[in-house]
Amino acid sequence: MVFSDVLLWAALIFYSSSLIPQIWTNYRIKSARGMSDAFIFSYFAGYLLTILYVYGQPFAASYRIMVPIETMLMCIIMWQRFYYGSYAPGGPLAYAVICVTALTGIAAYLIPWHGQLVADAGGWLSLVVFTVTQIPQVIKIYKAKSTYGF
């Protein structure tokens, strides 16, 4: 294993583990209300798009392992939002999650035939999503004048 591979693994592990304190905080306070729905959803969508990008291109094994783990950790945060919140089964966040997951599944199905196109679209869309994903959370913190739960 080359030194650059070790650094890549370390960076991805540290980045992935950054979601664990939020999962623990949500569990400890039995709430995910400190995070805005748009923030949670955009992170979830960004990770799904990143999976398309990583699996549509010849990325290193570290990406192919760690990106799905990051996505699973984000799914736990999203599950906490539904479990600890008072959401109706047919709320707008639930519909958005179902739609994005279905569209990602369709795109993933197309990877064997149009891998480069799907990967490029997933990569560029994830760049856009991750660029603006912090904005809803900043607005929520500004309005609430509190970072409790975040």
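**View 1. The salt bridge between Arg81 and Asp37.** In this predicted model, the structure contains 1 salt bridge. Its partners are the side chains of Arg81 and Asp37, with an N to O distance of 2.6 Å. Arg81 belongs to helix H4 (residues 61–84) and Asp37 to helix H3, so the pair ties together parts that are 44 residues apart in sequence. Arg81 is buried, its relative accessible area being 3%, whereas Asp37 is partly exposed at 26%. Side chains of opposite charge can pair when their charged atoms come close.

View 2. Ser42 is placed in helix H3, which covers residues 37–56. Is Ser42 buried or exposed? With a relative accessible area of 12%, Ser42 counts as buried, because the cut-off for buried is under 20%. Apart from neighbours within four places in sequence, Ser42 has contacts with Val129 and Thr133. Gly105 lies 63 residues from Ser42 along the chain, and the C-alpha atoms of these two residues are separated by 17 Å.

View 3. Tyr83 is exposed, with a relative accessible area of 55%. One aromatic cluster is formed by Phe39, Tyr43, Tyr47 and Phe130.

**View 4. Lysines over tyrosine rings.** Lys30 lies over the face of Tyr27, and its distance from the ring centre is 3.6 Å. Lys145 has its charged end over the ring of Tyr142, at 3.8 Å from the centre of that ring.

**View 5. A nonpolar patch on the surface.** Which residues form the nonpolar patch? The patch is made up of Leu103, Ile106, Tyr109, Leu110 and Trp113, which together have about 590 Å² of accessible area. Helix H5 (residues 92–109) gives the most to this patch, with 3 residues. Ile106 is located in helix H5. The relative accessible area of Ile106 is 51%, so this residue is classed as exposed, the cut-off for exposed being over 50%.

Definitions and conventions:
Residues numbered from 1 in each chain as written. Predicted model: local features only at pLDDT ≥ 70, side-chain atom pairs only at ≥ 80, totals over all residues. Heavy atoms only, no water. Buried < 20%, exposed > 50% of the residue type's maximum accessible area, 1.4 Å probe, protein only. Phe/Tyr/Trp six-rings, centres within 6.5 Å; stacked < 30°, edge-to-face > 60°. Lys NZ or Arg CZ within 6 Å of the ring centre and 35° of its normal. Patch = residues over 30% accessible without salt bridge, like charges linked within 9 Å, V, L, I, M, F, W, Y side chains within 5 Å. Areas by Shrake-Rupley, 256 points an atom, 1.4 Å probe, with all protein chains shown as cover. Salt bridge = Lys/Arg side-chain N within 4 Å of Asp/Glu carboxyl O. Helix = DSSP H or I, 4+ residues; strand = E, 2+ residues; numbered from the N terminus. Contact = heavy atoms within 4.5 Å.
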